[in-house]
Amino acid sequence: RVTPDLIVTYAEEFEKNYIRRLAIISELKKALASKHSELSISYQPKLNLHTNQVDHAEALIRWNSERLGFVPPDEFIAIAEQAGLINQVTEWVINAVVDDVAIMREQNIPLSVAINLSAKDIVDPHLLTYVTDKLKEFNLAADCLSFEITESDIVSEPTKAIVELQRFRDAGFSLAIDDFGTGYSSLTYLKSLPVTELKIDKSFVLKLNEQNSDQQIVQTILQLAKSFNLSVVAEGVEDNASLTLLRDWGCKWAQGYYICKPAPLVQLINWYTDNLAT
Ligand code: C2E
Ligand code: CA
Ligand code: CA
Ligand code: CA
């Protein structure tokens with residue numbers, strides 16, 4: 001039964017959410033415009049399970065707002081998409097990541113970095129020019145960067161996505177389908193998508209060692225990827241038992257807290273030189 005109490009609670013909740021959204025939009029605009037930004041990038045390496053080397057890391061945005069405190073990316077990225085700010089956020093990320101790649105190259109660290117894109121990014125005609133110009137400025141090649149796009153973003157407009165993603169491939173960038181297994185993409189799309197990598201969603205990986213159903217799903221994705229000649233990253237690896245299973249099944253790449261948590265550039269470089277540099 002809908003009681004007056006319930007209506008008040010609902011209205012209060014609605015107002016609270018609305019106010020938070022507005023605050024996020026206005027504070028994010030300020031953060032994007034400011035030079036000493038509240039925004040930063042954390043990096044999480046992808047471990048090659050065949051060689052035990054790392055040659056890639058993923059860039060994950062962080063926002064420590066003076067007024068709102070730490071705002072998780074899942075929350076503010078969705079709001080930025082709706083508010084028409086995502087292209088600015090993505091350009092901020094590209095700018096920061098290319099600066100960091102240049103720093104790594106100076107220190108002879110050959111890591112390439114994967115950047116997360118949203119659906120609105122890939123249809124933005126300027127984004128690709130923005131990236132290639134920024135790379136040119138530093139004399140860096142396209143293989144320094146790659147891009148990740150979620151399966152649900154692709155599934156919402158597959159024909160369009162195929163065309164747009166092909167432009168990134170033509171410019172020399174590798175592409176991964178993120179959160180794979182959650183978006184119900186049909187095999188027809190998978191065949192025609194110009195991507196090079198699948199990232200198995202962490203919901204299938206977090207409890208891999210305990211859940212028989214997850215084991216079957218992950219093995220099925222690995223077989224699928226093999227027949228389509230795609231490389232696979234398992235994300236969300238939190239324990240050694242899951243890592244061992246993935247390695248035994250021939251999964252090439254793994255990412256997760258058990259290997260390394262996302263961390264600022266300086267820590268990534270330290271981790272890399274301590275663990276892997278030969
Ligand atoms: P995602 O791209 O699927 O990133 C993986 C998320 O899982 C990250 O959360 C990462 O910190 C977390 N993670 C990594 N290893 C583990 C693990 O072992 N266990 C668990 N439980 N979690 C793990 P984060 O950094 O909070 O980012 C959340 C989402 O926000 C990302 O999901 C991505 O969709 C979005 N995002 C983050 N940075 C950016 C960005 O620069 N641009 C865009 N468009 N989206 C971003
Ligand atoms: Ca990702
Ligand atoms: Ca993911
Ligand atoms: Ca995700």
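Let's start at helix 9, which gives the largest share of the lining of the second largest pocket: five residues. Keep in mind as you look around that this is a predicted model. The pocket itself has a volume of about 260 Å³. In total, 14 residues line it, and those nearest its centre are Leu222, Lys226, Val232, Gly250 and Cys251. Helix 9 spans residues 212-227, and along with strand 8 (231-234) it is an element that supplies at least two residues of this lining. Sort the lining by class and you get six nonpolar, six polar and two charged residues.

How far can you trust the picture? The chain averages a pLDDT of 93, and 99% of the residues score at least 70. For the complex, the predictor gives an ipTM of 0.98 and a pTM of 0.95.

Now move over to the largest pocket, which holds about 1100 Å³ of space. It has 36 lining residues, and Glu58, Leu60, Pro73, Asp74 and Asn116 are the closest to its centre. Several elements give two or more residues to this lining, among them strand 2 (53-65), helix 2 (73-82), strand 5 (145-150) and strand 6 (174-180). Here the classes divide into 16 nonpolar, eight polar and 12 charged residues.

Strand 6 is worth a stop, as Asp179 is found there. Asp179 coordinates two calcium ions, ligand 4 and ligand 3, which sit 3.8 Å apart.

Next, the aromatic rings. How many aromatic pairs are there? The count comes to three. One of them is Trp63 with Phe76, an edge-to-face pair with 5.2 Å from centre to centre and 80° between the planes. Trp63 belongs to strand 2 and Phe76 to helix 2, so this pair ties together parts that are 13 residues apart in sequence. Are these two buried or exposed? Trp63 is buried, with a relative accessible area of 0%, and Phe76 is buried too, also at 0%.

Another pair is Phe147 with Phe168: their ring centres are 5.4 Å apart and their planes meet at 70°, so this pair is edge-to-face. It links distant parts of the chain, with Phe147 in strand 5 and Phe168 in helix 7 (residues 158-170), 21 residues apart. Phe147 counts as buried because its relative accessibility is 1%, and Phe168 counts as buried at 1% as well. Finally, ring pairs join Phe147, Phe168 and Phe173 into a cluster.

Definitions and conventions
Residues numbered from 1 in each chain as written. Chains lettered and ligands numbered in written order. Predicted model: local features only at pLDDT ≥ 70, side-chain atom pairs only at ≥ 80, totals over all residues. Heavy atoms only, no water. 1 Å grid on protein atoms, 1.4 Å probe; cavity = no way out; pocket = protein on both sides within 12 Å on 5 of 7 lines; lining within 4 Å. Points joined across faces, edges and corners; volume = space filled by probe spheres on them. Helix = DSSP H or I, 4+ residues; strand = E, 2+ residues; numbered from the N terminus. Nonpolar A, V, L, I, M, F, W, Y, C, P; charged D, E, K, R; others polar. Donors = N, O, S within 2.8 Å, 3.2 Å for Na, K, Ca; no water. pLDDT = per-residue confidence, 0-100. Phe/Tyr/Trp six-rings, centres within 6.5 Å; stacked < 30°, edge-to-face > 60°. Buried < 20%, exposed > 50% of the residue type's maximum accessible area, 1.4 Å probe, protein only.
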